[in-house]
Number of protein chains: 2
Amino acid sequence: MTTIRIDSERLLADLDKLRTFGRCGTGVVRPAYSEAELDARRWLAERIAEAGLEVAVDPVGNLFGLPPGDDACILIGSHSDSQPEGGWLDGAYGVIAGLEVARASLEADGPRIAVVSFQDEEGRFTTLTGSSVWAGQLTLAQAQRLTDDEGISLAEACRQPEGLPAPADVAPERFRSFLEIHIEQGPVLDTAGERIGVVENIVGIRSERLRFTGQQNHAGTTPMHLRRDPVQGLVRYVNDLNARFAEIVTPATVWTVGHVAVHPNAPSIVPGQVDCTVQWRDADTTRLDRMTEIVRETASEIASSIGLELERSGYATIAPTHCDPALVETLAEAAEAVAPGAWRRMPSGALHDAANASYRMPMAMLFVPSKRGISHSFEEDTERADLVLGVEVLAKAAASL
Amino acid sequence: MTTIRIDSERLLADLDKLRTFGRCGTGVVRPAYSEAELDARRWLAERIAEAGLEVAVDPVGNLFGLPPGDDACILIGSHSDSQPEGGWLDGAYGVIAGLEVARASLEADGPRIAVVSFQDEEGRFTTLTGSSVWAGQLTLAQAQRLTDDEGISLAEACRQPEGLPAPADVAPERFRSFLEIHIEQGPVLDTAGERIGVVENIVGIRSERLRFTGQQNHAGTTPMHLRRDPVQGLVRYVNDLNARFAEIVTPATVWTVGHVAVHPNAPSIVPGQVDCTVQWRDADTTRLDRMTEIVRETASEIASSIGLELERSGYATIAPTHCDPALVETLAEAAEAVAPGAWRRMPSGALHDAANASYRMPMAMLFVPSKRGISHSFEEDTERADLVLGVEVLAKAAASL
């Protein structure tokens, strides 16, 4: 088996360089939009070419680096766009890691490896836009009509930097497996003092928006027993939900009431209406189904017990994705070789482009720790040594594929 | 004892007429401001003069109708301003009732009775502005500097309609007692099928704004046991508050969490911060004190048990007011005579100008039912027969004073 020796100084310098471009002071690029973003894209294309890879851009704006030759190769990548106040590693790390492993494998005459930076993962237009079109989950025409918060369509926003090749399809059939390395974006590895996570699945996500309507009233003259107060309804609802979920969840299951809007929201008025959104995530579809039932049954019971009207809307569901078992084993062996005893198997609680890739080819993922679990924030960070270690595990696994 | 015979057609016609003036289609006037409001004020002054009373306006804009003679007299009144989308009876009823009883008593050669319409009860500038200045709780200079939501000061907003006398003090010493009749603004009488409420006290009000700060986080990657989620804190807080209050309250005690603000308020983010306001009302100061302790202790316990920071701010307190026991008995006797078995003694859960009057003279209040308990709404209404009945009780009581 070839040894793919990565150049850790080059990896870290490229990550630092990418940070200097773009919006929000983070240096990670959003979809082709501002001059700084076009500059970042042009720089990334130059680095791909310098690594000996062919630069290719597909019609939705995914940027590839392809090794010489025609046989199906390994694809490694992530995204280089960022949340508005996002950090420097979410996505960018996986792109630079893919570039370095592809470069090093070419140098070592190892397996043929391509790199990709997917367009608009963070959802300026919709979540995972670029990989959805590439994997055939969304048509190009549908994607081009999507608009951002300012009403600008993807078709209008996409600009092609000078010097890049004309857009052309880069078919998934050109690749035989997909690997993605990403920061964990959660506290599990950091809290446990571990350095690598081998992802077994990407959790499914469900959410539902609920509206409890009661009777708006004077907060002084309405006795407690005659109130139909939807804030009290919300409190009982979340309380009961916690208790019922506790009987069926695993330690990896999560649920969140992150959005609450009270109307009219004045201290002297018994509220008339509360909107809230419940979101729940788990890797097991049966458990997600059972949670959906609990979300709905509990809401109905609380509403009828205190005389509230209940409307449910905006139910959303994203199916869980399972990583390829053989690839997971390969990553696990590499992790144990490079970081013995300092890694774990775990689910991904966040969505990733890898979920789309899995529709077309075997897929697996690696995590490195996020300091204090912080992501989507300027504070997002990972130890340099862990950034390098993660890419070493990735390179070792890729060498054996 | 003289019988003061009220003219019920005149009473209802005057109430209907007042409804035709002013903002929001309600016909009840706000402080001298728009032409329609000035018209309403001018009309009210004309009706006071037609009733044989002397029109007087004090420096803050309270409008009085004074009977002939110099001895201290009974004062009956309320306010004729309204909430932005308020109904036609909140305040206006008590002013027209006072006018009719004063007129009828003069006609019947009964006790000398004056009427007052207090300025800005509803709080364009501050709550109970006019009666606060008149009773000496606020200086005229302080009141004139108060501004509304648009930054207009009371001094700027007050305009004197043509034809009204120049402003001059109308000292509280000119009056020997104060009576106010008002719609209940709550559902107690309507629900019980009763027609008169004899108010024993006006509840005290306390409120406190609380801020729970946790750790904003990714809703997918943060395990439940590592979260410091202030929405979960709020739910446990309100739940515990309900349980602890239940051990010390009476059926007349009320508490409300009417204001909740979640940050950043997005379905996919574990919230970082929740602001909420708790308000509680009771007629007993000792109970209010105990509730303050529970509000604070429970918040501290919840915050420390799940690792939230707690900030308390905006603590506000309005003391309970007790009606004059002798006046309460006089009103109770009149209620039993006019509406036998169809009345009750009760607290007022809302603040009224009567609370300010009580600083200077014996005070008591009557309520008539609010249909379905609705007030501060265009839907606010009371049966015509109940409006008349209430003034008959008021007139009978006044005749015996």
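The crossing of H8(A) and H9(A) is right-handed (a crossing is left-handed if the near helix is turned anticlockwise from the far one by less than a right angle, and right-handed if clockwise). This is a predicted model, in which local features need pLDDT of at least 70 and side-chain atom pairs count only at pLDDT 80 or more, while totals for chains, interfaces and linings use all residues. Residues are numbered from 1 along each chain as its sequence is written, and chains are lettered from A and ligands numbered from 1 in the order in which they are written. Helices (H or I, at least four residues) and strands (E, at least two) are DSSP runs, numbered from the N terminus.

**Helices H8 and H9 of chain A**

- Helix H8 (residues 230-246) and helix H9 (residues 285-305) of chain A pack at about 145 degrees, and their axes are 9 Å apart. Axes are lines fitted to C-alpha atoms, for helices over the stretch in contact, and angles run from 0 to 180 degrees between N-to-C directions.
- From H8(A), the residues A:Gly233, A:Arg236, A:Tyr237, A:Asp240, A:Leu241, A:Arg244 and A:Phe245 meet A:Met291, A:Ile294, A:Val295, A:Thr298, A:Ala299, A:Ile302 and A:Ala303 of H9(A). Two residues are in contact if their C-beta atoms, placed from the backbone, lie within 7 Å.
- By class, the contact of H8(A) with H9(A) divides into nine nonpolar, two polar and three charged residues. Ala, Val, Leu, Ile, Met, Phe, Trp, Tyr, Cys and Pro count as nonpolar, Asp, Glu, Lys and Arg as charged, and the others, Gly among them, as polar.

**Helix H2 of chain A**

- Helix H2 (residues 35-50) of chain A has 16 residues, which at 1.5 Å a residue should span 22 Å; the end C-alpha atoms are 22 Å apart, which agrees. The expected span is 1.5 Å times one less than the number of residues.
- The buried residues of H2(A) are A:Glu37, A:Ala40, A:Arg41, A:Leu44, A:Ala45, A:Arg47 and A:Ile48. A residue is buried if 20 or more other C-beta atoms lie within 10 Å of its own, exposed if 12 or fewer, and partly exposed in between, with C-beta atoms placed from the backbone.
- Viewed down the axis of H2(A), these buried residues fall within an arc of 160 degrees, so they line one face of the helix. The arc is that of the directions from the helix axis to the C-beta atoms.
- A:Glu35 and A:Glu50 are exposed on the other side of H2(A).
- Packed against the buried residues of H2(A) are helix H1 (8-19), strand E1 (54-57), strand E2 (63-66), helix H3 (92-107) and strand E4 (113-118) of chain A.

**Helices H1 and H12 in each chain**

- In chain A, the axes of H1(A) and helix H12 (residues 384-399) come within 10 Å and cross at roughly 115 degrees; the crossing is right-handed.
- A:Ser8, A:Leu11 and A:Leu12 of H1(A) meet A:Arg384, A:Leu387, A:Val388 and A:Val391 of H12(A). This contact has five nonpolar, one polar and one charged residues.
- In chain B, helix H1 (residues 8-19) and H12(B) pack at an angle of about 115 degrees with axes 10 Å apart, and H1(B) passes H12(B) in a right-handed crossing.
- B:Ser8, B:Leu11 and B:Leu12 of H1(B) meet B:Arg384, B:Leu387, B:Val388 and B:Val391 of H12(B). The residues of this contact divide into five nonpolar, one polar and one charged.
- H12(B) (residues 384-399) has 16 residues and reaches 23 Å from its first C-alpha to its last, close to the 22 Å expected.
- Of the 16 residues of H12(B), 13 are buried, so this helix is largely enclosed by the rest of the structure.

**Two residues of chain A**

- A:Leu189 lies in helix H7 (residues 188-192) of chain A and is buried, with 24 other C-beta atoms within 10 Å.
- Leaving aside neighbours within four places in sequence, A:Leu189 is in contact with A:Glu184, A:Glu194, A:Arg195, A:Gly197, A:Phe367 and A:Pro369.
- A:Ala319 sits in the loop between strand E12 (309-318) and strand E13 (321-322) of chain A, and counts as partly exposed with 13 C-beta neighbours inside 10 Å.
- Beyond neighbours within four places in sequence, A:Ala319 is in contact with A:Gly204 and A:Thr285.

**Contact between chains A and B**

- The contact takes 45 residues from chain A and 44 residues from chain B.
- On the side of chain B that touches chain A, E9(B) gives the largest share, seven residues.
- That side of chain B has 21 nonpolar, 21 polar and two charged residues.
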